[in-house]
Structures are given as C-alpha cells and as structure tokens.
There are 2 protein chains.
Amino acid sequence: MTDPSPAAGKPIRTAIADEDGIDFAIIELFFFAYRDFTSDPDQILAEYGFGRAHHRVLHFVNRRPGLTVAELLDVLKITKQSLARVLKQLIDTDHIVQVQGPRDRRQRELYPTAKGRALALALARPQSRRIRAALEDSGTTERATIERFLEAMVNPELRAQIDIVPAQTSGKNHGDH
Amino acid sequence: MTDPSPAAGKPIRTAIADEDGIDFAIIELFFFAYRDFTSDPDQILAEYGFGRAHHRVLHFVNRRPGLTVAELLDVLKITKQSLARVLKQLIDTDHIVQVQGPRDRRQRELYPTAKGRALALALARPQSRRIRAALEDSGTTERATIERFLEAMVNPELRAQIDIVPAQTSGKNHGDH
DNA sequence: GAATTATGTCAGTACTATTGACGTAATTTC
DNA sequence: GAAATTACGTCAATAGTACTGACATAATTC
C-alpha cells in the first residue's frame with residue numbers, strides 16, 4: 001500500500017475543484033442534505049420493521065388516494081416485483097387497503113387507512129420541521145425560490161407527476177389544470 | 001381486496017394536504033429532485049459495474065485527497081464493512097491508491113489516480129449540468145440562496161464536514177479557517 | 001510490556017432493487 | 001364469441017448496499 005502495484009497510477013494530491021466548471025459545492029450539499037433529510041423518518045420506520053421503500057409508498061398513497069398499482073410504479077420508478085413485498089406488508093399491517101377499481105375491476109385502487117395516514121404524518125413531521133428550520137436559518141424569504149429550483153431539478157418529462165397533486169399546500173396554482 | 005378483512009380500517013379518500021402544517025410539497029419535490037439527480041451518474045456507473053456507493057467514495061477521495069479510511073467512514077456515515085468491498089474494487093481497478101500515513105503508519109491515506117479523477121469528473125459533469133440548468137430555469141438569481149438552504153438542511157453537528165473542503169468553488173469564503 | 005488505535009477481513013443477515021417466467025381475471029379487439 | 005391484451009400477483013434467482021459481531025495485525029501510546 002505504500003508501494004502500490006507497478007501498473008497503478010500515481011496519487012493525485014490536489015483537491016478536485018471547479019475544473020471544467022463543475023459545481024462540486026452544490027453536488028456535495030445535495031448529498032449531505034438528502035442524507036440527513038431521510039435520516040429522521042428512517043429512525044421511526046425502524047421501529048415498525050419498515051424501510052425507506054415503505055415510506056415512499058405510504059407517502060404517495062396518502063398524497064393521491066385511489067391511485068392504482070401501475071400509477072404507483074410509474075411514480076416510484078421501480079418494478080412490480082420490488083413493490084410487491086413492500087405493498088403486501090403495508091396491507092397486512094393495515095396501513096393501506098386495496099379497493100377494486102370502479103370502472104376497471106382489474107385495477108386495485110390504493111387507499112390509506114386511518115393508521116396509514118397517521119404513520120405518513122408521523123414520518124413527514126420531522127422532515128417538515130427540518131425544512132421549516134432550514135428556510136428560516138438560511139434566511140430564505142421566498143420559499144417559492146426553493147420550490148422552483150427543486151422542481152427544475154426534476155427531469156422535464158417527469159414533472160407531470162408533480163402536478164398531479166392538488167396544490168392546496170402552496171400558494172402556487174399549478175394544481176388546477 | 002374489494003372486501004378487505006374485517007379488522008381492516010376503512011379507506012380514506014381525501015388527499016393528505018398541509019394537515020398540521022406539514023410541508024408535503026417540498027418533501028415530495030426533494031424526493032423527485034434527488035431521484036433524478038442521482039440517475040445521471042447511475043447510468044455511467046453501470047457501465048463500470050459500479051454502484052452509487054462507488055461514486056460517493058470516489059467523490060470524497062477526489063475532494064479531499066489524502067483522507068484516511070476513518071475520515072471517509074465518518075463522512076459517509078457507513079460502517080467499515082460496508083466500505084470495504086467498494087473501496088477494494090476502486091483500488092483494484094486503479095481508481096484509488098492507498099499511501100501509508102506519514103505521521104501514523106497505521107493510517108492509509110486515500111488518493112485518486114488520474115483514472116479515478118477522470119471518472120469522478122465524468123460522474124459530476126451531468127449533475128453539474130442539471131444544477132446549472134435548474135438555476136437558470138428556475139430564475140434563481142442568487143445561487144447562494146440554494147447553497148444556504150441546502151447547508152441548513154444538514155444536521156448542525158455535521159456541518160463541519162462541509163467546511164473541510166477548500167472553497168475555491170464558490171464565492172463564499174467558508175473554507176479558510 | 002500492556003492497552004489502544006487504524007485498518008482489514010470473515011461470517012451471517014437484511015432491505016431494496018433487478019430480470020425472467022408464469023398465472024388469473026377482466027377488458028378490449030376482431 | 002374467441003383471441004389478444006391489460007392489470008395485477010407471485011415464484012425463483014440474483015445483485016448492491018447496508019448492518020452486527022468477531023477476530024487479526026500492525027503501529028502507536030501509555
């Protein structure tokens with residue numbers, strides 16, 4: 001290790017900076033921010049024997065009650081097989097219920113139960129607290145600035161997924177169309 | 001599924017909104033933004049048979065050449081055993097070299113090779129492009145606003161990790177102390 | 001010399017994800 | 001009405017990333 005194998009390259013001792021105009025500062029901040037953002041709910045989930053995947057399913061079923069399995073797969077960008085176990089556990093533990101689709105009886109509409117809604121709220125609470133604190137601490141007067149930036153980080157063709165949600169939350173009106 | 005088990009809760013048909021003042025909008029945007037932010041390098045990594053863990057190691061070794069294994073574990077917040085395989089692969093493929101610590105010969109200082117630096121840059125390039133586009137598209141005039149917000153999202157006790165990096169990248173001077 | 005530290009490694013396990021294949025029921029198409 | 005397609009569920013096998021616990025080695029510190 002002091003003397004690496006002959007073919008090995010020589011160690012580069014200078015820190016990578018903004019070579020080629022790469023924005024390492026924000027890249028790294030994004031990593032740290034997301035790492036800690038997910039750490040809060042992770043602790044709660046562990047008590048239930050759940051993981052991050054359960055959180056995501058629970059979140060979207062609460063945000064869009066009645067969405068079908070296919071729609072959920074599309075939002076999460078995972079495969080049916082990956083969802084199966086997680087969804088089954090959430091149904092078995094009475095956090096989510098399936099209802100046969102009214103128009104198309106092959107479809108399964110997913111709804112949260114009171115228990116599922118309570119857990120979704122409990123998971124979101126520390127995340128929301130962190131966001132509020134971050135907005136205050138960073139002196140961000142325009143909360144919409146952050147919203148617009150994050151939305152612009154999403155692949156354009158996937159931004160439609162965001163707009164599905166009723167925009168009761170924010171002052172923005174991107175919900176009613 | 002139409003008729004759930006007797007003990008099961010009833011489906012809640014209203015979307016979760018800002019009940020209890022929870023900021024679901026930004027929570028969800030953060031999820032989408034990070035999902036797509038990581039998707040760019042993931043594609044490149046797949047060509048090498050690497051995963052996201054390799055990217056993180058490569059990134060920090062390039063950002064802080066000469067950091068020790070212990071320091072890397074602290075930044076990544078994973079265990080020695082989790083790092084082992086990933087680091088070994090990066091060393092075997094000549095992306096990273098280990099150098100015996102000059103003061104303490106037990107330590108292994110980690111440095112990128114030219115190959116490792118090139119890969120780190122290739123991985124960061126699409127991410128940086130996405131960030132630049134997002135700043136422009138969202139009309140964020142003050143780039144520092146985003147930086148401050150993301151930094152404020154990080155656990156206070158862990159913000160020291162950010163400041164280690166020489167601040168050549170941004171106009172901010174939080175590097176020299 | 002003994003204790004501690006930094007690192008490496010082995011064994012076993014868990015969670016999340018993948019691909020491929022197959023089955024069933026419902027809907028659509030011809 | 002038969003055939004094709006669609007929505008969903010499930011089985012099997014595999015991969016990547018993480019975990020805990022245990023143990024070994026070399027170097028440093030006490």
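Trainee: How many residues of chain A are in contact with chain B, and how many of chain B with chain A?
Mentor: 87 residues of chain A are in contact with 87 residues of chain B, where contact means heavy atoms within 4.5 Å. Keep in mind that this is a predicted model, where local features need pLDDT of at least 70, side-chain atom pairs count only at pLDDT 80 or more, and totals for chains, interfaces and linings use all residues. Residues are numbered from 1 along each chain as its sequence is written, chains are lettered from A and ligands numbered from 1 in the order in which they are written, and side-chain values use heavy atoms, with hydrogens and water left out.

Trainee: What area is buried between chain A and chain B?
Mentor: About 8,700 Å², with carbon and sulfur atoms giving 66% of that. Buried area here is the accessible area (1.4 Å probe) that two parts lose on being put together, summed over both.

Trainee: And how many salt bridges across the interface of chain A and chain B?
Mentor: The rule finds 6, counting a side-chain nitrogen of Lys or Arg within 4 Å of a carboxyl oxygen of Asp or Glu. Glu28(A) and Arg63(B) form a salt bridge through their side chains, at 2.7 Å from N to O.

Trainee: How do the residues on the chain A side that touches chain B divide?
Mentor: Into 45 nonpolar, 18 polar and 24 charged.

Trainee: New topic: is Arg117(B) buried or exposed?
Mentor: Arg117(B) counts as buried because its relative accessibility is 7%; buried means under 20% relative accessible area, exposed over 50%, partly exposed in between (1.4 Å probe, protein chains only).

Trainee: Which residues does Arg117(B) touch?
Mentor: Leaving out residues up to four places away in sequence, its partners include Ile12(A), Thr14(A) and Glu19(A), as well as Asn62(B) and Pro65(B).

Trainee: What about the largest nonpolar core, which residues have the most contacts inside it?
Mentor: Val57(A) and Val57(B), in a core of 91 residues. Such a core is a set of buried Ala, Val, Leu, Ile, Met, Phe, Trp, Tyr and Cys residues joined through side-chain atoms within 4.5 Å.

Trainee: Which residues is Val57(A) in contact with?
Mentor: Beyond its neighbours within four places in sequence, they include Leu72(A), Leu83(A), Val86(A) and Ile96(A).

Trainee: Last one: how exposed is Tyr48(A)?
Mentor: Tyr48(A) is partly exposed, at 42% relative accessible area. Tyr48(A) touches His95(A) and Leu119(A), again setting aside residues up to four places away in sequence.

How values were computed. Nonpolar A, V, L, I, M, F, W, Y, C, P; charged D, E, K, R; others polar.
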